[in-house]
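Have a look at the model first.

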Amino acid sequence: MTVQSDRAMLRVLSGEAVWPPPAWMMRQAGRYLPEYRATRATAGSFLDLCYTPDFAVEVTLQPIRRFGFDAAILFSDILVVPHALGQDVRFVEGEGPRLDAMGDRAAFERLREAGDPAILSHLAPVFETVTRLRAELPNETTLLGFCGAPWTVASYMIGGRGTPDLAPSRALAAADPALVEALIDRLVTVQTAYLIRQFEAGADAVQIFESHAGVLPEDPEGGDPLARWSLRPIARMIEGIRAKVPGAKIIVFARGSGLDGHTRVVPETGADAVGVDWAVDLAALRGRIPAATVTQGNLHPETLIEGGAALDAAVDAIRAAAEGRPHVFNLGHGITPQTPIAHVERMLARLRG
């Protein structure tokens, strides 16, 4: 399928095999860039950085100016949604996000109802940032919006922080699955509206981050945990978005779901593309999905840190697996602060050479 567009990534998301594939990186606006660190110091708190359009626009544009990526992703955070719902959210330097843990029904009842206009009003600076970005970005650069998937956001809301095993959220799902489902339902509704507003503000496409697809509770009814807690809620979001934004382009990144889980993302959610984490062999995945399925990923962030011949070989392997197929080049998770800028430059030169 060929789409008339100056934006290569949009052409890929419509099923076209563009060569070389367009590229961007998760967390591409971040601490590996000195200009980001300078802006972050000026902004004050991390939430001030997210909610002040002048700062959010600047840090979103920084990697585009430096590297010429094919897509810019809105600078924000998945936890602005719980913040808008009325949960206390703060970011502790060197430790990450902290929330007032939602461990019972009383805490859930204190959250704003899904239809409360204060939620989207709280998020208005994000929409202003999107509009300004679309006006300031080069015409050929795709603008991505995003949010977290309901399960991933719920796990932070319940646990009060990120934990490797998500023990608090899995325990609550076992003890009171109806409560966790109610929270996920609210997040489905709110985040559907949130992404619709991002599209209306100027986003070309969005990504839904299911960062914790590999750590799910059991289904209390004996069913499939990936479907119940992750893929079905995301499918409801996508259906709701497209009811208001027909043809909306949506990527789903289901980190940790394994090879089998990655094969299920597009058919079970209706997404346009599956983000592929670094633990999945891209060639093996491409061998198990229809040729027209759009993939994104999946360079290991540590390989980007290593650089040299290992980086060249990894980029070449992704190119070989993706050749002739619709693919967006990316990392298999976010870029880390210790990544040398020269290695990013080498990666892009190898990809585009």
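P20 sits in the loop that links α1 and α2 (34-43); helices (H or I, at least four residues) and strands (E, at least two) are DSSP runs, numbered from the N terminus. The peptide bond leading from W19 into P20 is cis, with omega near -10°. R27 is in the loop between α1 and α2 as well, and its phi is near 65°, a positive value for a residue that isn't glycine.

Another cis bond runs from G297 to N298, with omega near -5°. N298 itself belongs to strand β8.

## What you're looking at

This is a predicted model, so local features need pLDDT of at least 70 and side-chain atom pairs count only at pLDDT 80 or more, while totals for chains, interfaces and linings use all residues. Residues are numbered from 1 along each chain as its sequence is written, and side-chain values use heavy atoms, with hydrogens and water left out.

## Two domains

The chain splits into domain 1 (1-27 + 285-353) and domain 2 (74-275), with bounds that come from an automatic or database domain assignment. Taken over C-alpha atoms, their centres are 24 Å apart.

## Where they meet

On the domain 1 side, 18 residues are in contact with 23 residues of domain 2, contact being heavy atoms within 4.5 Å. The two domains bury about 1800 Å² between them, with 62% of that on carbon and sulfur atoms. Within domain 1, R7, L13 and R288 lose the most area to domain 2, together 33% of what that side buries. Buried area here is the accessible area (1.4 Å probe) that two parts lose on being put together, summed over both.

How many salt bridges cross the interface of domain 1 and domain 2? The rule, a side-chain nitrogen of Lys or Arg within 4 Å of a carboxyl oxygen of Asp or Glu, finds 2. R7 also pairs with D204 through a side-chain salt bridge, at 2.9 Å from N to O.

## Who supplies the domain 1 side

Two elements give two or more residues to the side of domain 1 that touches domain 2: α1 (8-13) and β8 (294-299). Of these, α1 gives the most, with 4 residues. By class, that side has 9 nonpolar, 6 polar and 3 charged residues. For the classes, Ala, Val, Leu, Ile, Met, Phe, Trp, Tyr, Cys and Pro count as nonpolar, Asp, Glu, Lys and Arg as charged, and the others, Gly among them, as polar.
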